[in-house]
Amino acid sequence: MANINQFKANLVGAGPRNNRFEVYIPRAGDKIQFLCTAATIPGQIIEAQEIKYKGLTVKLAGDRTFENWTVGVYNDTDFSVRNGIEDWMQDIIPLDSSIGPTGFEYMVDKASVSQLGRDDSVIATYEFFNMWPTSVGDIVLDSAGGDEVETFDTVFAFSHFERSRP
């Protein structure tokens, strides 16, 4: 039976903290690394493909899919990040038209989220490829809100990600 000392020995570096991260998103403005309140390391799924064989169901690995990447943002008085994302979405499909791009120029080649250690060293980085925003969340305006800073979420789709370790 494991004891507390064995547990601590296996929790290297006392475990990463979820509030130690850094985000880079081209086209979202140069303040994104400061104004990002939350981000996710997206999940991935390998769907099971079921094949019937003589009354049995055999499960085989199917296609890999990725969950969308959600980023939470503090809004600043310049709307710097929000303007960048809204302009990006405008480039994809204009507000007054349904005519979109004919190529893939709306996608960014690379964006990333890095998990930081307690000493600010990068302990893991996830780079997202062929990414674009699918939604920008609302900003709630509320007279009873007090002194809260506005926030909004943005959801991004991407083709795949790659993980790197230092």
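Biologist: Leaving aside its neighbours within four places in sequence, which residues is I25 in contact with?

Modeller: I25 is in contact with I32, W69, V71, W88, A111, M131 and F156, where contact means heavy atoms within 4.5 Å. A word on ground rules: this is a predicted model, where local features need pLDDT of at least 70 and side-chain atom pairs count only at pLDDT 80 or more, while totals for chains, interfaces and linings use all residues. Residues are numbered from 1 along each chain as its sequence is written, and side-chain values use heavy atoms, with hydrogens and water left out.

Biologist: Where is I25 found?

Modeller: In the loop between β1 (21–24) and α2 (32–35). Those names come from DSSP runs numbered from the N terminus: helices are H or I with at least four residues, strands are E with at least two.

Biologist: Why is I25 called buried?

Modeller: Buried means under 20% relative accessible area, exposed means over 50%, and partly exposed is in between, with a 1.4 Å probe and protein chains only. I25 has a relative accessible area of 2%, so I25 is buried.

Biologist: And what makes G84 buried?

Modeller: G84 has a relative accessible area of 14%, so G84 is buried by that cut-off too. The place of G84 is in helix α3 (residues 80–92). G84 and R27 are 5.6 Å apart in space, C-alpha to C-alpha, though 57 residues apart in sequence.

Biologist: Which residues touch the most other members of the largest nonpolar core?

Modeller: I25, I32, W69, V81, F128, M131 and F156 do, in a core of 27 residues. For the term itself, a nonpolar core is a set of buried Ala, Val, Leu, Ile, Met, Phe, Trp, Tyr and Cys residues joined through side-chain atoms within 4.5 Å. At least two residues of this core come from each of α2, β5 (69–74), α3, β6 (111–116), β7 (122–129) and β9 (151–157). The largest share, four residues, comes from α3. As background, nonpolar side chains tend to be buried together in soluble globular proteins.

Biologist: Which residues does V81 touch, not counting those up to four places away in sequence?

Modeller: V81 touches A28, K31, I32, L35, V73 and F152.

Biologist: How many salt bridges are there, and what makes a pair count?

Modeller: The count comes to six. A pair counts when a side-chain nitrogen of Lys or Arg is within 4 Å of a carboxyl oxygen of Asp or Glu. Take R20 and D120: their side chains meet at 2.0 Å, N to O, so the pair passes as a salt bridge. R20 lies in the loop between α1 (4–10) and β1 and D120 in the loop between β6 and β7, so this pair ties together parts that are 100 residues apart in sequence.

Biologist: Why are R20 and D120 called partly exposed?

Modeller: R20 is at 25% relative accessibility, so R20 counts as partly exposed. D120 has a relative accessible area of 49%, so D120 is partly exposed as well.

Biologist: How do you know that K31 forms a salt bridge with D76?

Modeller: Their closest N and O atoms are 3.2 Å apart, so the pair meets the salt-bridge rule. K31 lies in the loop between β1 and α2 and D76 in the loop between β5 and α3, so the pair ties together parts that are 45 residues apart in sequence. K31 counts as partly exposed because its relative accessibility is 31%, whereas D76 is buried, with a relative accessible area of 14%. The side chains of K31 and D78 also meet in a salt bridge, at 3.5 Å, N to O. Salt bridges that share partners join K31, D76 and D78 into one network.

Biologist: Which residues does D76 touch, not counting those up to four places away in sequence?

Modeller: D76 touches K31 and L35.

Biologist: Why does L60 count as partly exposed?

Modeller: L60 is at 41% relative accessibility, so L60 counts as partly exposed. L60 lies in strand β4.
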